[in-house]
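Here is a short report on one protein chain. Please look over the sequence and the model first.

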Amino acid sequence: MTNDDRTKVISRRTPESATMLANVKRAMAITANLNRLTFNDADEVRALFSELIGKKVDDSFLLIPPFYTTGGPDIRIGRNVFVNQNCTFYDLGGLDIADDVMIGPNVSIITSGHPLEPSRRRAVTIAKPIVIERNVWIAAGATIIGGVTVGENSVVAAGSVVTKNVPPNTFVGGNPARVIRSIAD
């Protein structure tokens, strides 16, 4: 398994795995409260999301519950970000979402996973960061996998599975996602 400087490898029964579990429990408690709110409770949603990530989000941030995550402290959110309902962010590897990003309903952004080898699957969690650059639109039901950067101004088509970097100013789609065409103003 390759372990570059952006990859976290957390073995079971270590202090790092205990911290990971504590973050999951904390996130579950905060998101349970967040998910009781409605679209009309935007200020309360922002307050709970700020608590979840450990820093205040901009007043332009809008999230429609329900929302699910396994952490929170490794999420960074820019200005004017919209997250539609029923999204899942697994942020153990780090999740950076830049300004003016739109995330459709049922989107999964997953930075962590497990080794392919059956004997190691329960023993190790592997996490790689995801970067969503400025002015990206991720359409309904898309999945973004750890280690990926989605380039500025790009669009990820509904239902796509993004496993490789998306160049700026492109429209990608499919499973696995591939460049469909360039986007020009």
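Which residues does Phe89 touch, not counting residues up to four places away in sequence? Phe89 touches Phe67, Tyr68, Thr69, Thr70, Ile75, Val83, Leu95, Ile97, Ile103 and Ile109. Contact means heavy atoms within 4.5 Å.

## Basis of the model

This is a predicted model: local features need pLDDT of at least 70, side-chain atom pairs count only at pLDDT 80 or more, and totals for chains, interfaces and linings use all residues. Residues are numbered from 1 along each chain as its sequence is written, and side-chain values use heavy atoms, with hydrogens and water left out.

Helices (H or I, at least four residues) and strands (E, at least two) are DSSP runs, numbered from the N terminus.

## The nonpolar core

The largest nonpolar core holds 37 residues. Phe49, Phe89, Ile103 and Ile138 touch the most other members. The elements that give two or more residues to this core are H1, helix H2 (42–53), strand E4 (75–77), strand E6 (87–90), strand E7 (95–97) and strand E12 (130–132). H2 gives the most, with five residues.

A nonpolar core is a set of buried Ala, Val, Leu, Ile, Met, Phe, Trp, Tyr and Cys residues joined through side-chain atoms within 4.5 Å. Buried means under 20% relative accessible area, exposed over 50%, and partly exposed in between (1.4 Å probe, protein chains only). In soluble globular proteins, nonpolar side chains tend to be buried together.

The largest pocket has a volume of about 250 Å³. Of its 14 lining residues, Met20, Thr70, Tyr90, Ser112 and Thr125 are the closest to its centre. Helix H1 (15–34) and strand E10 (112–113) each supply at least two lining residues. H1 gives the largest share, three residues. By class, this lining has five nonpolar, seven polar and two charged residues. Here Ala, Val, Leu, Ile, Met, Phe, Trp, Tyr, Cys and Pro count as nonpolar, Asp, Glu, Lys and Arg as charged, and the others, Gly among them, as polar.

The second largest pocket has about 180 Å³ of space. Its lining includes Ile110, Ser112, His114, Lys128 and Ile145. E10 and strand E11 (124–127) each supply at least two of the lining residues. The classes are five nonpolar, five polar and one charged. A pocket is an open set of points on a 1 Å grid over the protein atoms alone, where a 1.4 Å probe fits, with protein on both sides within 12 Å along at least five of seven lines; lining residues have an atom within 4 Å of a point. Grid points are joined across faces, edges and corners, and a volume is the space filled by probe spheres set on the points.

Most residues other than glycine have a negative phi, and most peptide bonds are trans. Pro65 and Pro66 are joined by a cis peptide bond, with omega about 5 degrees. Pro66 sits in the loop between strand E2 (62–63) and strand E3 (67–69). Another cis bond joins Asn175 and Pro176, with omega about -5 degrees. Pro176 lies between strand E18 (170–174) and strand E19 (177–182), in the loop.

Asn106 is not a glycine, yet has a positive phi of about 65 degrees. Asn106 lies in the loop between strand E8 (102–103) and strand E9 (108–110). It is partly exposed, at 41% relative accessibility. Asn169 also has a positive phi, about 60 degrees. The loop between strand E17 (161–162) and E18 holds Asn169. Asn169 counts as partly exposed because its relative accessibility is 30%.

Is Pro65 buried or exposed? Pro65 counts as buried, at 9% relative accessibility. Leu34 is 31 residues away from Pro65 in sequence, and 7.0 Å away in space, C-alpha to C-alpha. Beyond neighbours within four places in sequence, the contacts of Pro65 include Leu34, Val45 and Gln85.

Thr170 is in strand E18. Thr170 is buried, with a relative accessible area of 8%. A polar atom of its side chain lies 2.7 Å from the backbone oxygen of Pro167. Ala158 lies in the loop between strand E16 (155–156) and E17. At 54% relative accessibility, Ala158 counts as exposed. Leaving aside neighbours within four places in sequence, Ala158 is in contact with Ala139 and Ala140.

Note on methods
A polar contact is a pair of N or O atoms within 3.5 Å; within protein, one must be able to donate a hydrogen and the other to accept it, and residues adjacent in sequence count only if both atoms are side-chain atoms.
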